[in-house]
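Good morning, and thank you for coming. Please look at the sequence and the structure on the screen while I speak.

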Amino acid sequence: MDDRTGLPKMIGKTARHLVPPDAKWWYVFGTATLCAFMVQVISGVALAFAYIPSAGEAYTTLHFISDQAPFGHFLRGLHYYGASAMVLMVGLHMAQVFLFGAYKFPRELNWATGVLLLGFTLVMGFTGQLLRWDQNAVWSVVVGAEQAARVPLIGQWLAHFILGGDTVGGATLTRFFAIHVFIMPAFIFAFVGLHLWLVLRHGVSEPPKPGKLVDPKTYRAEYQQMLEKTGKPFWPDAAWRDTIFCTGLIVFVVALAFFSGAPPLDKPPDPSVVAASPRPDWYLLWYFGVLALLPHGTEKYFMVFGPLLAGIILIALPFVSNRGERSPRRRPWAVVAVIMTVLMIVTLWVAGAKSPWSPNFNAPPLSASVVGATNGPVMLGAELFHDKGCLNCHLIGKDGGRRGPDLTDVADRLSKNEMILKIANGAVNMPAYAGNLTPSKMDALVAFLQTRKRNGHDR
Amino acid sequence: MKETNAENNPAGCPASPAELSRRKFFARLSVAAGGIGALMVALPVAGFILAPFFERHKEVWRSVGKMDSFKIGTTTAVQYEDASPLPWAGVTARSAAWLRRVDADTFIAFSINCTHLGCPVRWLAEADLFMCPCHGGVYYNDGTVAAGPPPAPLPRYQVRVLNGDVQILTAQIPISSK
């Protein structure tokens with residue numbers, strides 16, 4: 001066998017390549033990412049046995065997979081949680097490599113290919129969410145195209161590209177399907193191959209020691225010397241940790257998929273149904289938060305240059321700084337950068353999940369106990385507060401939206417005249433109601449708001 | 001590609017000048033033949049994939065209801081079919097617009113897409129406002145911006161009345177603001 005194929009020898013030699021002896025549990029995240037990717041390939045191929053990438057039929061097959069096909073509910077869940085695991089592991093892997101300074105000489109290209117793989121993973125996440133072809137998916141595409149169209153110069157062309165035509169329709173889904181199932185996986189396979197080849201070529205980086213600087217002139221020789229003196233074969237001395245961690249990850253993902261199943265399907269993908277509130281899946285929810293919180297008017301520039309700039313900075317990093325200190329203890333700014341990034345994403349993620357900037361369309365009319373009156377102008381004003389859409393954006397107690405200021409105690413802050421002025425003229429984020437309310441209705445509304453005090457009225 | 005003598009004359013392989021020029025010829029022949037083969041496959045593939053970008057978009061008039069079914073001063077959601085839906089488009093072939101009857105003869109058809117980031121705006125009849133569920137963009141009943149982040153009024157479709165039918169001229173989304 002060995003003589004005819006040469007494979008056993010080659011595989012054995014590769015598997016037993018020497019690695020630094022103290023590369024331990026910190027070094028498992030890369031393998032874990034690959035492992036999550038393999039789960040995605042296998043579950044994705046399985047799903048493709050039943051999924052029809054047709055704008056008119058995908059939704060039906062999704063219901064079939066979720067509700068009727070044996071293990072279908074589990075498989076969709078597996079693909080979803082597998083994707084989540086992959087995104088998480090990519091993030092952890094990247095943070096570890098950055099903190100350990102492992103991107104420095106001679107591993108600059110390991111890092112650069114890794115950044116590209118991060119981008120591919122996010123594209124897979126976004127396109128994968130769209131293949132869950134429900135109302136949310138259709139609106140995600142439309143919202144994506146509308147945003148792209150605001151980009152200067154190439155906007156309309158970009159929108160056309162995303163939709164695969166003039167509007168969302170038959171061509172939209174097939175294109176995303178081809179990208180998600182053929183093109184992106186091909187790129188990922190190719191770049192994972194390259195990434196792994198580079199790992200073998202330059203060796204696994206040794207854990208950093210404070211004060212031990214990377215000098216491109218001497219690094220390779222020192223690394224080789226260290227391996228010859230203390231290196232351990234990757235298989236099985238180091239690989240067992242990867243195996244254990246990956247198995248744990250798979251057990252966790254399988255358990256999640258088993259107990260919580262597939263992500264729920266939204267309404268059918270009918271773009272003429274207007275009652276929709278598009279939201280991305282959790283791993284892009286923070287970006288949704290970014291777009292919501294940007295100063296008005298800047299989003300069209302940010303949408304293009306933001307990701308572009310982030311990509312350029314990430315790829316350029318090892319070429320700008322490829323020598324010197326590797327230990328995070330001597331690189332406080334690296335630690336700060338990681339902590340700030342994590343904090344930023346978590347904060348934006350929480351903000352995106354709460355999305356206080358979204359009006360609340362489901363606020364029921366205020367109850368009599370909240371209003372504190374069952375007749376007269378106060379009650380009438382409370383009804384108007386609901387009917388005129390005030391409650392969509394303002395809180396009264398626990399009811400209403402959070403887009404505008406909380407009006408629970410507004411009478412403590414504003415006099416009657418100030419209220420009338422504000423309501424009639426509006427503000428940057430509030431419509432002017434002057435032409436919308438008759439004087440008697442304005443009086444009723446203000447009468448209601450005048451009862452909104454911390455103390456002094458019945459709740 | 002710059003060819004040097006070293007590349008064409010590997011160690012242990014003595015070559016006469018004639019052999020060297022033959023080798024150079026074979027290398028060029030292979031690259032050229034491979035390039036022709038690749039182009040023959042790649043050009044139609046690129047054409048197939050990129051065709052949608054060069055297709056001219058058709059616009060057609062679609063009836064959205066009888067004129068009498070829209071009361072003066074009201075705004076209603078109307079549905080219609082896209083200009084040239086693919087046979088397998090299913091429900092995705094449908095589009096919607098907000099149709100406002102201003103007076104006996106005047107109709108306005110608004111895009112349902114907020115000009116901020118494209119979310120579908122909803123009409124609140126009692127409040128006489130359009131409101132966007134994403135970031136709280138608000139528009140008055142004539143589509144002008146009342147509040148929030150939208151940079152421009154709601155775009156409009158062309159509307160006409162033909163034989164008592166209200167018709168909307170389909171347009172690509174997003175409608176470029178004219």
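A nonpolar core is a set of buried Ala, Val, Leu, Ile, Met, Phe, Trp, Tyr and Cys residues joined through side-chain atoms within 4.5 Å. Buried stands for under 20% relative accessible area, exposed for over 50%, and partly exposed for what lies in between, with a 1.4 Å probe and protein chains only. This is a predicted model, in which local features need pLDDT of at least 70 and side-chain atom pairs count only at pLDDT 80 or more, while totals for chains, interfaces and linings use all residues. Residues are numbered from 1 along each chain as its sequence is written, chains are lettered from A and ligands numbered from 1 in the order in which they are written, and side-chain values use heavy atoms, with hydrogens and water left out.

I begin with the cores. Which residues have the most contacts inside the largest nonpolar core? They are Tyr51(A) and Trp133(A), in a core of 53 residues. Helix H7 (residues 135-149) of chain A gives this core its largest share, eight residues; helices (H or I, at least four residues) and strands (E, at least two) are DSSP runs, numbered from the N terminus. Beyond its neighbours within four places in sequence, Tyr51(A) is in contact with several residues, including Leu62(A), Trp133(A) and Phe177(A), where contact means heavy atoms within 4.5 Å. Another core, of 35 residues, lies apart from it and includes Leu384(A) and Leu445(A).

I turn to charged pairs. Side chains of opposite charge can pair when their charged atoms come close. A salt bridge is a side-chain nitrogen of Lys or Arg within 4 Å of a carboxyl oxygen of Asp or Glu. How many salt bridges does the structure hold over all chains? There are nine.

One of them joins the side chains of Asp3(A) and Arg4(A), at 2.2 Å from N to O, and both residues are exposed.

Another joins Lys212(A) and Glu222(A), at 3.3 Å from N to O. Lys212(A) is partly exposed, with a relative accessible area of 40%, and Glu222(A) is partly exposed at 34%.

In a further salt bridge, the closest N and O atoms of Arg454(A) and Asp409(A) are 3.7 Å apart. Because Arg454(A) lies in the segment after helix H20 (439-450) of chain A and Asp409(A) in the loop between strand S6 (399-400) and helix H18 (410-413) of chain A, the pair ties together parts that are 45 residues apart in sequence.
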